[in-house]
Amino acid sequence: MIKIYPSIISAKILELNTQIKTLEPYCAGFHVDIMDLHFVPNLTMGPDFINAIEKITSAPLWVHLMVDDPRPWLELLKLKPSDIITFHFESLFRDPTSIKLRKTKGFIGESLLNEHKKIVGTIHSKNCLASIAINPETPLYDILTLLPFVDQVLIMSVEPGFSGQKFISKIMHKVKELSQYKKENNLSFKIAIDGGVDKNNISELANLGVEDFAIASAIFKTPNPINAIEELYGLTKK
Ligand code: DX5
Ligand code: ZN
């Protein structure tokens, strides 16, 4: 089932309450980008801000953690069941030793998998859905061992950090491969896309098996965000 989550990074921040209430009936929930100025060169909202959003809407929040270490965030956020929490595969590799170790498959297979599994476990213990994201240059191979444990896999179609970037079309092959791998292995996670999604590419992505879409500019930077959401949903049915 196709679900569109407006990414509020492009909403009018000072009118967020109204914008959320207006769009709530037309979308699956809201995508919330958390950036810490280290993992990505941009800074968005902190835990108090997100927790305040949780209070004004019963719609699911899809929290996208673009931070060095997702673990402390999971303790600070007051999440509700049905929220989706995305953490990045790359986020535990910020220090040079880890980056070096990442090149050894043994490290990926053991220490990292355990760490990732623990994060997934923490997310599940809050009755939320666990999602792993990979950047455009990260191969699918890196996350294969985690796929049986997650509810969603997010393929980034821009470098994380900013809305309004151009869709990186070479990730299409990654979507195809992931879709095929999912079928062959009878797995149940949903495939998600974030970055540069608009009316020119959403139909192809949906046909390839993407079900969850985070979309900022193609909704908020249009004259009528409600019409934009409805038009985007319509295109996924073609
Ligand atoms: C990018 C963010 C995206 C962003 C998408 O780092 O994770 O969620 O808001 O923006 P658009 O849809 O404009 O590419
Ligand atoms: Zn995002």
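Residues are numbered from 1 along each chain as its sequence is written, and chains are lettered from A and ligands numbered from 1 in the order in which they are written. Because the model is predicted, local features need pLDDT of at least 70 and side-chain atom pairs count only at pLDDT 80 or more, while totals for chains, interfaces and linings use all residues; side-chain values use heavy atoms, with hydrogens and water left out.

The protein chain has an average pLDDT of 93, and 92% of the residues score at least 70; pLDDT is the predictor's confidence in each residue, on a scale from 0 to 100. The value falls below 50 over residues 103–107, a stretch with 5 contacts in the model beyond near neighbours in sequence. A contact means heavy atoms within 4.5 Å.

The model contains an open sheet of 8 strands in the order β1-β8-β7-β6-β5-β4-β3-β2, with parallel pairing. Helices (H or I, at least four residues) and strands (E, at least two) are DSSP runs numbered from the N terminus, and two strands pair if DSSP finds at least two bridges between them. Strands β1 (3–6) and β2 each have a single partner strand and stand at the edges, so one side of each is left without a neighbour in the sheet. Neighbouring strands are turned by 25° against each other on average, direction ignored. Axes are lines fitted to C-alpha atoms, for helices over the stretch in contact, and angles run from 0 to 180 degrees between N-to-C directions. Within the sheet, β4 (residues 84–88) and β5 (residues 129–134) pair in the parallel sense over 5 bridges, and I85 has A130 in β5 as its bridge partner. Helix α9 (residues 225–236) lies across β1 and β8 (210–215) and runs at about 150° to β1.

Strand β2 is joined to β3 by 6 bridges, and the two run parallel; the bridge partner of I34 in β3 is L65. In β2, 6 of the 6 residues are buried, so the strand is largely enclosed by the rest of the structure. Buried means under 20% relative accessible area, exposed over 50%, and partly exposed in between (1.4 Å probe, protein chains only). In a regular strand the side chains alternate between the two faces of the sheet. In β2, F30, V32 and I34 lie on one side and H31, D33 and M35 on the other, and all are buried.

D33 in strand β2 (residues 30–35) and H64 in strand β3 (residues 61–66) are 31 residues apart and link distant parts of the chain. D33 counts as buried because its relative accessibility is 5%, and H64 is buried at 0%.

Two residues other than glycine have a positive phi. L37, in the loop between β2 and α2 (47–56), has a phi of about 70°. N127, in the loop between α5 (105–125) and β5, has a phi near 60° and is exposed, with a relative accessible area of 55%.
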